Amino acid sequence: MALLEVENLSTHFFLRRGTIKAVDHVSFSIEAGETLGLVGESGSGKSMVASSLLRLIAQPGRIVGGAIRFEGVNLLSLDEKQMRSYRGRRMSMILQDPLSSLNPVLTIEDQVGEGIAIHDKLSGAALRDRVIEVLKLVGIPAAEKRLRDYPHHFSGGMRQRVVGAIALACRPQFLIADEPTTSLDVTIQLQYLNLLREIQQRDGLAMLFVTHDFGVVSKMCDRVAVMYAGMIVETASVREIFNNPCHPYTKALIESVPEVDEKVDRLSSIQGQPPSPLARPKGCPFVTRCPVAMPRCAGEMPPETKISEQQQVRCWHYV
């Protein structure tokens, strides 16, 4: 049994203008120690999937269907008190923007130690020692001297490490990394990714890595799920997704990544815009941008088709 199994997860936002299906019948699983990459353009629903897994959806949003099974327990059946025992302790998330996720008026010691105090019931010197241990784990130099500092005393890269320390403080089994390198420059990105990989291999973490960067996917992930307009349109191993992408959207994403050793006059791009979340096409949501669309694509949603043991795709060309 997989550590995490998501089945037909649907998260909708109910507005006066209509209903937005931010997450629409999404299914995937993650084994212990495995990393699944969730990729797609901005607005495709990646972060909404991440928030749904921890049941952090604010009104007017609501999880309206499906199941989220963690070690066999359906998290959607738990009350809020029971769910809090999972957040931070067994499941945790690294948020993408440390400037907005860190509290500017609380010290680093208070912010990293909060989850430890709640879940591990530590206080005083024991809590302080554990905070120092976690800060050292994520590579904060002179951690003992930085406890009383505030977020503005840290550089962007160090703030991102602090956010990682908060997520890892209670030794979770499952970690969601939501675009964790977006605010970092290229050299710091590589250091941070290497750090996450080392921690994962040491502790056997399962990870959902949310990103739009296929370079990060190739370095960090074992399998990939490609999202478009709130749906997963293709799932495959990293090797298969690069060697044999099937869905036209997956192909377009990969083709838009420039080759370092190839000189081109113009970078490849995906024509058009994603559909309005309030007026999504009846059939395949990619139909208006797809270079190989057929009449059937506009009228019917394609079923999931198995290409190989690890690769599935939603496209009429493979049915």
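Biologist: What makes tyrosine 249 count as buried?

Modeller: Its relative accessibility is 0%, and buried means under 20% relative accessible area, with exposed set at over 50% and partly exposed in between (1.4 Å probe, protein chains only), so tyrosine 249 counts as buried. This is a predicted model, in which local features need pLDDT of at least 70 and side-chain atom pairs count only at pLDDT 80 or more, while totals for chains, interfaces and linings use all residues. Residues are numbered from 1 along each chain as its sequence is written, and side-chain values use heavy atoms, with hydrogens and water left out.

Biologist: How many aromatic pairs does a search of the whole structure find, and why is the pair of tyrosine 228 and tyrosine 249 called tilted?

Modeller: The search finds 5 aromatic pairs. Tyrosine 228 and tyrosine 249 lie 4.6 Å centre to centre with 55° between the planes; rings of Phe, Tyr and Trp (its six-membered ring) pair if their centres lie within 6.5 Å, and planes under 30 degrees apart count as stacked, over 60 as edge-to-face and the rest as tilted, so this pair is tilted.

Biologist: Which parts does that pair tie together?

Modeller: Tyrosine 228 lies in strand 9 (residues 223-228) and tyrosine 249 in helix 11 (residues 248-255), so the pair ties together parts 21 residues apart in sequence. Both elements are DSSP runs numbered from the N terminus, with helices (H or I) of at least four residues and strands (E) of at least two.

Biologist: What makes the pair of tyrosine 228 and phenylalanine 286 edge-to-face?

Modeller: Their ring centres are 5.2 Å apart and their planes stand at 85°, so the pair is edge-to-face.

Biologist: Why is the charged end of arginine 296 said to sit over the ring of tryptophan 316?

Modeller: The charged end lies 3.6 Å from the ring centre, and the label requires NZ of Lys or CZ of Arg within 6 Å of that centre and within 35 degrees of the ring normal.
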